[in-house]
Amino acid sequence: MKRLTMMLLGLMACGQAMADDAGQRVAAWAPSVTPGGPAFHAQTLRMVVHPSVGGTAPQVRVSNLYGTTPLQVGHATLGLQANGASPVPGSLRPLTVGGSASFTIPAGGEVWTDPAPVEVKTGKNLLVSLYLPDAVASSTFHQDAFETTYASADGAGDHAGDVDPAAFTETSTHWYELSAVTVAAPKHDTLVAFGDSITDGYDTPVSANARWPDALARRLVAGGIPLAVVDAGIGGNRVLTDVVPDVARGVSALKRFDHDVLSLPRVRTVILLEGINDIGNNAGPDGGPLTADHLIAGYRELIRRAHAAHIRILGGTILPYRGAGYFSEDGEKTRQAANDWIRTSGEFDGVIDFDKAVRDPAQPQRLKAAYDAGDHLHPNAAGMKAMADAIDLRKVR
């Protein structure tokens, strides 16, 4: 009963902290999360967070969204990354909830930590560490982080406050139990890049921040445009249907939009780029074949929800994919029909022609060779930059 009371008081206090400066906060980093993460036992996780904008008083959203049992956090810290799992000496600060250094999140829940006394610099990495003292059967996670996460060995105990990285003997390229970091940045708003593996940055170099949303964030900073950019991409994700049984590919865009977009502070604009996995898998509603009309109906629903929340939504055209493993002539017809609607319907608040930016002019159903990561589906780092460069910054303001 005492633990439950402390948890509820923490949630209330944290909620009040968010409410007190809600008009000043933006999301500096917010990966989408899915079920299916690995188990942990008495381990400490140290994760690298790359904020798109700077600010003060960072808060972390710790997530048990897909957990089936309560998640206990015994100790949490935030600091500036020096290199690898090493923080800048003297930069580690405790993350608390309602002033408590330990807290429990119910299954299906999330909690915001109290504001931490840390100054966040644009593009300068943070380290967020979580000590999980109890067994976690299956974690809430983001599978394709393309960033190194560090962990102590099973049963190694609490190392959240360690400056010496020696205890972090295991690595992965996933993020665990985190779904956002916000900062106080009064002049900024939030832009959400919402999509699948192409937005998630599949097959870009680890720790290079070479996804197209990263490149867009750097363009915005260089242009003095006050927009934070978060990447809400999930590899394999679809607009209309869940990916079963591979739950790490996430619930559908229609199901996750409210959490991954609408729950974040001060969202001004969404860039939607999704649909190729619906097409490639011929995944229509109720297990039937896909038509362009099905996909358009999904887009219309996302547009409706964005507009109901007074958020602008820009439509990105679907990239060419001839040569990819799931290419088909019927799928190509659906892609062309969907892109024609995106370009001409006028229902989005603007259009970003990603297709045109990366296709081969001589073979427009294919990615340009210089932009092809090798599977004829995903752009490489140069292709990601070309996508970001194709965005008219006047449209996202």
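So, Thr269: it stands opposite Arg312 in E20. Two strands pair if DSSP finds at least two bridges between them, and here 4 bridges join E19 (residues 267-273) to E20 (residues 312-316), the two running parallel. Strands, by the way, are DSSP runs of E with at least two residues, helices are runs of H or I with at least four, and both are numbered from the N terminus.

Quick caveat: this is a predicted model, where local features need pLDDT of at least 70 and side-chain atom pairs count only at pLDDT 80 or more, while totals for chains, interfaces and linings use all residues. Residues are numbered from 1 along each chain as its sequence is written, and side-chain values use heavy atoms, with hydrogens and water left out.

Now zoom out to the sheet. It's open, with 5 strands in the order E18-E17-E19-E20-E21 and parallel pairing. E18 (227-233) and E21 (350-352) are at the edges with a single partner strand each, so one side of each has no neighbour in the sheet.

Helix H3 (residues 212-222) lies across E17 (189-195), E18 and E19, at about 175° to E18. Angles run from 0 to 180 degrees between N-to-C directions, and axes are lines fitted to C-alpha atoms, for helices over the stretch in contact.

Last, two helices: H4 (residues 253-262) and H6 (residues 292-308) pack at about 20°, axes 10 Å apart. That makes H4 roughly parallel to H6, a label for angles under 35 degrees. Who touches whom? In H4, Ala253, Leu254, Phe257 and Asp258 meet Gly298, Glu301, Leu302, Arg305 and Ala306 in H6, with contact meaning heavy atoms within 4.5 Å.

Terms used
Parallel < 35°, antiparallel > 145°, perpendicular 65-115°, else oblique.
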